[in-house]
Amino acid sequence: KISFGRFKFGEEDMTRIVDVLKQNTSMRQLRMSWEYADVQAMKVLGKFIAEHNYLQHLILRGNTIFDDVLIPIAEGIGKNTSLLHVNLKDNNFDTKGTVALAEALKVNKTLKRLNLHNNYIYNDGAKAVAEALEVNNTLECLILTRNGVEKEGYRNFATALKTNTALKQLDLHYYEFGKTGMILQKLVSYNRTDVSDEERKKLKEGVEAEIDAMSKDELSRHLALSMLGAM
């Protein structure tokens with residue numbers, strides 16, 4: 001385990017750190033929290049993550065990581081073959097960075113837990129992550145709280161969870177108790193149920209009727225409001 005905190009890293013600083021880290025093949029956790037690193041520094045770190053296949057836990061919490069800074073990290077995560085847990089909470093990336101991370105999820109085969117709490121993912125970013133889950137079948141826990149995602153964004157996960165059987169925890173926090181949230185939690189719960197794949201498929205198909213009914217109800221309400229507005 002190696003931890004850094006409250007430093008400002010440039011490319012030269014990160015290169016020195018990575019050169020030292022490369023000598024330590026027993027390191028399992030790298031934590032860098034509440035500091036600032038520029039794009040060039042993160043390119044160095046991203047390359048290290050891609051090549052250091054002993055690392056299991058990567059914690060980059062609260063590092064003012066914007067989209068351009070996240071992209072090389074996401075590329076490293078996609079190429080890494082040992083990571084189990086990535087924590088990117090309390091940063092500043094939005095849709096562009098999230099899309100890069102979603103692309104990494106499509107190819108990463110080891111990651112079990114991803115924490116994206118308190119960023120700016122919004123609906124388009126949520127859609128990209130949901131689409132990645134249609135391909136990724138190893139991620140078990142996804143935390144998406146406080147990301148400005150609305151019903152439209154969360155509904156994409158319903159499609160992904162019809163086929164995804166790996167995700168066992170989807171943390172939406174404030175949104176979990178809305179109708180869409182409850183349906184998503186029901187789909188996730190079926191991944192935790194000890195039944196055959198065929199039985200699980202039937203259970204999930206039963207939820208599709210709820211989703212369709214909800215969509216029709218919202219369409220009817222929208223049409224009614226439109227008619228009222230025209231009067």
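**View 1. Lys-112 is partly exposed, with 34% relative accessible area, and it pairs with Glu-140.** Welcome to the first close-up! Here "buried" stands for under 20% relative accessible area, "exposed" for over 50%, and "partly exposed" for what lies in between (1.4 Å probe, protein chains only). Glu-140 is partly exposed as well, at 31% relative accessibility. The two side chains meet in a salt bridge with an N to O distance of 3.8 Å. Lys-112 sits in the loop between H4 and strand E7 (113-115), and Glu-140 in the loop between helix H5 (122-133) and strand E8 (141-143), so this pair ties together parts that are 28 residues apart in sequence. A salt bridge is a side-chain nitrogen of Lys or Arg within 4 Å of a carboxyl oxygen of Asp or Glu. Helices (H or I, at least four residues) and strands (E, at least two) are DSSP runs, numbered from the N terminus. What you see is a predicted model, in which local features need pLDDT of at least 70 and side-chain atom pairs count only at pLDDT 80 or more, while totals for chains, interfaces and linings use all residues. Residues are numbered from 1 along each chain as its sequence is written, and side-chain values use heavy atoms, leaving out hydrogens and water.

**View 2. The whole chain has eight helices and nine strands.** Of the 231 residues in the chain, 47% are buried. The chain exposes about 11700 Å², with carbon and sulfur atoms supplying 52% of it; such areas come from the Shrake-Rupley method with a 1.4 Å probe, and for residues only the protein chains shown count as cover. Among contacts (heavy atoms within 4.5 Å) with a separation of 6 or more, 83% join residues 24 or more positions apart. The structure also holds seven salt bridges.

**View 3. Glu-103 and Lys-106 form a salt bridge at 3.1 Å, N to O.** How far apart along helix H4 (residues 95-107) are these two? They are three residues apart, which separates them by about one helical turn. Glu-103 is partly exposed at 42% relative accessibility, and Lys-106 is partly exposed at 26%. Side chains of opposite charge can pair when their charged atoms come close.

**View 4. In helix H8, the side chains of Asp-197 and Arg-200 meet in a salt bridge.** Their N to O distance is 3.1 Å, and being three residues apart puts about one helical turn between them.

**View 5. Lys-204, in helix H8 (residues 197-230), is buried yet has no salt bridge.** The nearest side chain of opposite charge is Asp-197, 8.9 Å away (Lys and Arg count as positive, Asp and Glu as negative; His and the chain ends are not counted). What does the side chain of Lys-204 reach at 2.6 Å? It reaches the backbone oxygen of Asn-164. The backbone oxygen of Leu-161 lies 2.5 Å from a polar atom of the Lys-204 side chain. Setting aside residues up to four places away in sequence, Lys-204 also touches others, including Thr-165, Leu-187 and Tyr-190.

**View 6. Ile-49, in helix H2 (residues 39-51), is buried at 0% relative accessible area.** Beyond its neighbours within four places in sequence, Ile-49 is in contact with Leu-58, Ile-73, Gly-76, Ile-77, Asn-80 and Leu-83. Pro-72 lies 23 residues from Ile-49 in sequence, and their C-alpha atoms are 9.6 Å apart in space.

**View 7. Strand E3 (residues 29-33) is mostly covered, with four of its five residues buried.** E3 runs parallel to strand E5 (residues 57-59), and three bridges join them; strands pair if DSSP finds at least two bridges between them. Look for Leu-30 opposite Leu-58 in E5. In a regular strand the side chains alternate between the two faces of the sheet.

**View 8. Asp-90 has a positive phi of about 60° although it is not a glycine.** Most residues other than glycine have a negative phi. Asp-90 sits in the loop between strand E6 (85-87) and H4, and is buried at 16% relative accessible area. Arg-146 has a positive phi too, near 55°. Its place is the loop between E8 and helix H6 (151-163). Is Arg-146 buried or exposed? At 52% relative accessibility, Arg-146 counts as exposed.

Note on methods:
A polar contact is a pair of N or O atoms within 3.5 Å; within protein, one must be able to donate a hydrogen and the other to accept it, and residues adjacent in sequence count only if both atoms are side-chain atoms.
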